[in-house]
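Trainee: I am new to this structure. Please take me through one part of it closely, the helix packing and the core.

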Amino acid sequence: RYTKVTSGATAKFRSLAWKLVGIAAAIALIFTAGRFYEGGANTEAEQQLAVHRTLVMEMMELMKSDRTSNRIRAATVTFALPKTDPVTTANLGYLLRNDENANVRLAALEALSRFSHDAGVRDELLAAMNESPPSVVRFELMETLVAMNEKRVIPYLEDLMNTDSLPQHVRDAAQMASFKL
């Protein structure tokens, strides 16, 4: 009888031991899968960061070009970016404020306007407004800032409306933009 009790207890002990081993294996599998998934997410983020850096470097090289088409391409290469960063924003802002070609400035404006939620982008657009850009760029800047509902543009609009040396159509456009805000 003693041997039967021992063999029954041993069987129960083995059964319990296997259940515990199974539970431990399941927990280990869950943690391993979690680490693998987390590692995959980090790898994807690292890949996106590498692509972002490559695009920024390409943009900076193209900005130095004497060809207008390359400088426009420098602005439009950022269309592949899911978000902006301070370096990209500053480079696009530089093109918007300083390029001698209005088409390059408009391409930079379009690239910046994609990131309208970013405060740095809004600051760059306002700085460009302060630089007295060519008329076509000024019109687009006004429209973009109004579409963003950027109230800080109002003083610039008032200055435009009150400057008698500007053509009437520029002053009228500023007045219409101020009404929209």
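Mentor: First, a term: axes are lines fitted to C-alpha atoms, and angles run from 0 to 180 degrees between N-to-C directions. Keep in mind that this is a predicted model.

Start with helix H4 (residues 102-113) and helix H6 (residues 135-147). Their axes come within 10 Å and cross at roughly 10°. Angles under 35 degrees count as roughly parallel. H4 and H6 are therefore roughly parallel to each other. On the H4 side, the contact uses Ala102, Arg105, Leu106, Leu109 and Ser113. H6 brings Val136, Val137, Glu140, Leu141 and Thr144. By class, that contact of H4 with H6 has six nonpolar, two polar and two charged residues.

Now the core. The largest nonpolar core holds 31 residues. Leu96, Leu125, Met129, Leu141, Met142 and Leu157 touch the most other members. Helices H2, H3, H4, H5, H6, H7 and H8 each supply at least two residues of this core. H4 gives the most, with six residues. In soluble globular proteins, nonpolar side chains tend to be buried together.

Look at Leu96. Leaving aside residues up to four places away in sequence, Leu96 touches Arg105, Ala108, Leu109, Leu112, Glu124, Leu125, Ala128, Val137 and Leu141.

Finish with helix H7 (residues 154-162) and helix H8 (residues 168-180). Their axes come within 8 Å and cross at roughly 145°. The crossing of H7 and H8 is left-handed. H7 makes the contact through Leu157, Leu160 and Met161. H8 answers with Arg171, Ala174, Gln175, Ala177 and Ser178. The contact of H7 with H8 counts five nonpolar, two polar and one charged residues.

Key. Residues numbered from 1 in each chain as written. Predicted model: local features only at pLDDT ≥ 70, side-chain atom pairs only at ≥ 80, totals over all residues. Heavy atoms only, no water. Helix = DSSP H or I, 4+ residues; strand = E, 2+ residues; numbered from the N terminus. Left-handed = near helix turned anticlockwise from the far one by under 90°. Contact = heavy atoms within 4.5 Å. Nonpolar A, V, L, I, M, F, W, Y, C, P; charged D, E, K, R; others polar. Parallel < 35°, antiparallel > 145°, perpendicular 65-115°, else oblique. Core = buried A, V, L, I, M, F, W, Y, C linked by side-chain atoms within 4.5 Å. Buried < 20%, exposed > 50% of the residue type's maximum accessible area, 1.4 Å probe, protein only.
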